[in-house]
Amino acid sequence: MKTEDIKIAVVGLGYVGLPLACLFARRYEVVGFDINKARVAELQAGHDSTDSFTDDEMKHSLTHGLTCTDDESMLDSRNFFIVSVPTPVTSNHRVDLNPLLGATVVVGRHLKRGDIVVYESTVYPGATEEDCVPVLEQVSGLHYNEDFFIGYSPERINPGDHEHTIEKIRKITSGSTPEVADFVDSIYNSVLENGTHRAPTIRVAEAAKIIENCQRDVNIAFMNEIDHIFNAMNIRGSKYKVELHPSRTRTRRWPLHRSRSLLPHPESTRSRRNGIIALYCPHPQRHDGNLHCRPDHQTHEPCRTHSEGLTHPHARLHLQRELQRHPQYKGD
Ligand SMILES: NC(=O)c1ccc[n+]([C@@H]2O[C@H](COP(=O)([O-])OP(=O)(O)OC[C@H]3O[C@@H](n4cnc5c(N)ncnc54)[C@H](O)[C@@H]3O)[C@@H](O)[C@H]2O)c1
């Protein structure tokens, strides 16, 4: 396949898929497909309720290369599929691959000889080749790495961050053969401003994404604990801010980030106003291994996964006292 011949389909037009579709539409003809008719209708009308794009930007994409549809037959003409559907976890903390496998079935029905399927959904190492490929083979009747090929390029965007937008992110790419890896890499490179990193294998690319998410998870848990503890110990506001600042000068300090996509717990809102940077995951029920922490999931319970562990017993004692004094403060 030559670069100029590719016809892209982005399957799943959510926080990840829509920015990707709009980015590729700057250079290629893109069909964005989603099974959610309401989502497709709003996009077709030039509105993105996830706020990744203004109405003007959305309308510009629609008149410059992007078509949004829930009509599966439009995938027939595509030869480069990008899958960006959710990979949530169940209440038992098991990964729910149903949306991913459902989207894979859809793609499989339209797969042709020579086509490439690139997965962007966050998955555990091995899932793309061991779980998705057999479904593609079964539905399409084609053979992996003979008739069709795959790639994996984990998404790294942070929804709501209008500074580090998708085109500025350095993407990890990979492919099922060295040639396909090169080709996938060249396609992504053709629309990105800061280039790509080509991983040696699909599993390595999957693993890289998991490491990033786990580090963020630990980071958030740690900062939540700091918030619990310091609130309970009445170390608040400017005192904490002033102490935090010099720690930046210490060598080998682990960089602590505040995830912009997280909503604060109401208690954190107060803390944040006073300068504390801890945040809670706002949606414990929907907490998945991928940490979709988004502005639209508004519940005011701290996330257990994010806030368990890490608390020093001494501080826990303070926290318990604080909880008795302020029963409305939920803690973990
Ligand atoms: N949101 C983030 O911050 C973020 C960042 C990096 C990676 N990711 C990963 O990217 C993937 C997508 O996440 P998201 O936040 O965009 O999810 P999302 O829920 O915002 O969007 C997913 C879209 O896929 C659609 N969909 C579901 N099944 C489908 C199917 N069979 N065919 C077509 N469309 C289908 C849904 O209707 C929805 O519009 C997940 O694996 C996630 O872990 C998310």
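Predicted model: local features only at pLDDT ≥ 70, side-chain atom pairs only at ≥ 80, totals over all residues.

Biologist: Why is V31 called buried?

Modeller: A residue counts as buried if 20 or more other C-beta atoms lie within 10 Å of its own. V31 has 23 other C-beta atoms within 10 Å, so V31 is buried. V31 belongs to strand β2 (residues 30–33), and its contacts beyond four places in sequence are A9, T67, T69, M74, L75 and R78.

Biologist: What makes β4 and strand β5 (residues 116–119) a pair?

Modeller: Pairing requires at least two bridges. β4 and β5 have four bridges, in the parallel sense, so they qualify as a pair. Within β5, V118 is the bridge partner of I82. The chain runs from β4 through α4 to β5 in a right-handed β-α-β crossover.

Biologist: How do you know that strand β1 (residues 8–11) pairs with β4?

Modeller: The criterion of at least two bridges applies again. β1 and β4 are joined in the parallel sense over four bridges, therefore they pair. V10 has I82 as its bridge partner in β4.

Biologist: Which residues of β4 point which way?

Modeller: In strand β4 (residues 80–83), F80 and I82 point to one side, F81 and V83 to the other, and all are buried.

Biologist: What angle and axis distance describe the packing of α4 and α5?

Modeller: Helix α4 (residues 98–109) and helix α5 (residues 127–140) pack at about 35°, with axes 8 Å apart. The residues of their contact comprise eight nonpolar, three polar and two charged.

Conventions:
Residues numbered from 1 in each chain as written. Axes fitted to C-alpha atoms, helices over the stretch in contact; angles between N-to-C directions. Helix = DSSP H or I, 4+ residues; strand = E, 2+ residues; numbered from the N terminus. Nonpolar A, V, L, I, M, F, W, Y, C, P; charged D, E, K, R; others polar. Buried ≥ 20, exposed ≤ 12 C-beta atoms within 10 Å, placed from the backbone. Contact = placed C-beta atoms within 7 Å. Right-handed = clockwise from strand over helix to strand, strands pointing away.
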